[in-house]
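Dear colleague,

I am handing over a structure to you with this email, and my notes on it follow below. Please keep the structure open beside the text while you read.

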Amino acid sequence: MKTRGNMIIKNASELVTCSGSKAKFGKEMRELGIIKDGAVVVEDGIIKAVGTTEEILKKYKEDNYEVIDAKGKAVLPGFVDSHTHFVFGGYRQEEFSWRLNGESYMEIMNKGGGIVNSVRATREASKEELISSAEDRLNSMLSFGVTTVEGKSGYGLDLETELKQLEVMHYLQKTHVMDIITTFMGAHATPGEYKDKKEEFVNVICEEMLPEVAKGNLAEFCDVFCEKGVFSVEESRRILLKARELGMKLKIHADEIVQLGGAELAAELGTISADHLLHASDNGLKEMANKGVVSTLLPTTAFCLKEPFARARYMIDNGSAVALATDFNPGSGFTNSIPLMIALATIYMGMNAEEAVTAITINGAAALDKADSVGSIDVGKKGDIVMLKYPSYKFLPYHTGVNIVEKVIKNGILVHQN
Ligand code: NIG
Ligand code: FE
């Protein structure tokens with residue numbers, strides 16, 4: 001049980017509510033629902049009232065609450081980082097150096113590095129070691145204003161280690177203030193023992209791993225790395241359909257390195273989100289938007305891979321719902337920096353400040369099918385709130401690459417101050 005608090009935040013120069021309970025598509029992404037001189041009341045961890053400070057203080061007695069004076073500060077919903085791989089053993093700093101010297105991610109993967117390197121270290125790590133490093137990473141995320149995070153397995157690639165990763169996340173969901181949404185990603189790479197026997201490995205995922213994960217109720221989502229040389233569209237479809245049959249929601253790493261048809265598959269299956277999308281086709285994106293699939297873009301990964309950025313401007317102009325996430329992982333992008341992500345999304349990907357805010361709040365929540373409980377400052381949602389050092393959300397891209405989060409509130413309790 002997480003602790004829940006009673007709190008009033010008052011005098012916010014901008015209360016950026018991001019009000020809504022579902023993904024915002026296209027032009028809707030500019031609507032932030034700002035209340036000037038705003039206030040919010042949280043009772044027992046849940047948002048009870050939202051309005052101007054004058055309205056709120058007429059109705060609610062400050063004595064009964066912890067009071068935060070947000071004079072001169074912008075107040076926003078806690079950020080939702082809807083795509084990460086934060087539980088892993090070991091690091092891959094050597095590979096990053098090779099990349100700086102010109103080798104590509106896929107070249108490194110093909111010569112036996114990449115994901116399987118982290119698999120080795122994650123198999124070797126004890127649960128306690130994984131918990132301890134993951135805990136540190138969650139604390140760092142919290143300091144950037146993240147209050148809900150998604151985490152994937154996929155550095156085990158055998159039943160035992162996949163379960164170990166998922167169990168670590170469940171343990172941390174109980175012990176850490178962060179809300180953690182778990183995703184099973186056994187189809188992240190083919191492990192050495194199944195080299196040249198991918199079909200057999202897909203069978204293991206479908207017939208052994210997925211049923212066991214479902215039985216233990218260990219993952220809300222199933223995700224697949226659908227990519228040339230990793231898992232084909234057909235293999236991805238088979239795995240995702242099996243996961244759905246077992247009651248899981250779906251995500252997909254789609255069209256990251258080449259255009260393979262991952263976006264089309266996401267639309268066909270009606271996944272909750274499709275992620276990366278660097279090379280997604282116009283038609284695939286259109287089908288996704290029509291089906292209500294959230295386009296989750298991961299700017300720091302493209303940046304660290306020196307790949308071209310996803311076409312955020314095109315997507316929003318053509319009616320997509322864009323979410324932004326860090327993809328924090330030990331390989332393609334070892335960073336959980338929200339300020340760097342915002343800088344890239346706005347300066348290089350053509351998003352404006354309003355769209356970037358929507359993309360890390362309500363649309364991030366929608367990418368996790370959680371837009372009814374987090375991602376906005378609305379009555380009935382969790383009291384997950386971020387206060388900035390500055391009076392406007394516009395400082396998020398403007399104070400480029402700098403963490404301007406001052407206070408982080410989770411379930412109505414002040415959990416972090418910078
Ligand atoms: O989202 N693309 C596949 N998976 C991760 C990378 C994982 C790794 O390199 O360890 C990603 O980029
Ligand atoms: Fe990823």
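Which side chain does the side chain of H83 join through a polar contact of 3.0 Å? The partner is H253, where a polar contact is a pair of N or O atoms within 3.5 Å, one of which, within protein, must be able to donate a hydrogen and the other to accept it, and where residues adjacent in sequence count only if both atoms are side-chain atoms.

Before going on, please note that this is a predicted model, in which local features need pLDDT of at least 70 and side-chain atom pairs count only at pLDDT 80 or more, while totals for chains, interfaces and linings use all residues. Residues are numbered from 1 along each chain as its sequence is written, chains are lettered from A and ligands numbered from 1 in the order in which they are written, and side-chain values use heavy atoms, with hydrogens and water left out.

**The annotated site**

In an unreviewed UniProt entry, the annotation "binding site" covers H83, H85, H253 and D327; positions follow the numbering used here, feature names are shortened, and such annotations may be inferred rather than shown by experiment. These residues span 245 residues in sequence, yet no two of their C-alpha atoms are more than 12.3 Å apart, so they gather at one spot.

H83 lies in the loop between β6 (79-81) and α2 (93-100), whereas H253 belongs to strand β10 (residues 249-254); helices (H or I, at least four residues) and strands (E, at least two) are DSSP runs, numbered from the N terminus. H83 is buried at a relative accessible area of 0%, and H253 is buried at 3%, with buried meaning under 20%, exposed over 50% and partly exposed in between (1.4 Å probe, protein chains only). The side chain of H253 also makes a polar contact with that of H85, at 3.4 Å.

**Salt bridges**

Side chains of opposite charge can pair when their charged atoms come close. The model has 26 salt bridges, each being a side-chain nitrogen of Lys or Arg within 4 Å of a carboxyl oxygen of Asp or Glu. One of them joins D369 and K249 (2.9 Å, N to O). D369 lies in the loop between α15 (362-366) and β14 (385-388) and K249 in strand β10, so this pair ties together parts that are 120 residues apart in sequence. Both ends count as partly exposed, D369 at 36% relative accessibility and K249 at 26%. Elsewhere, a network of salt bridges links R30, R313, D317 and E355.
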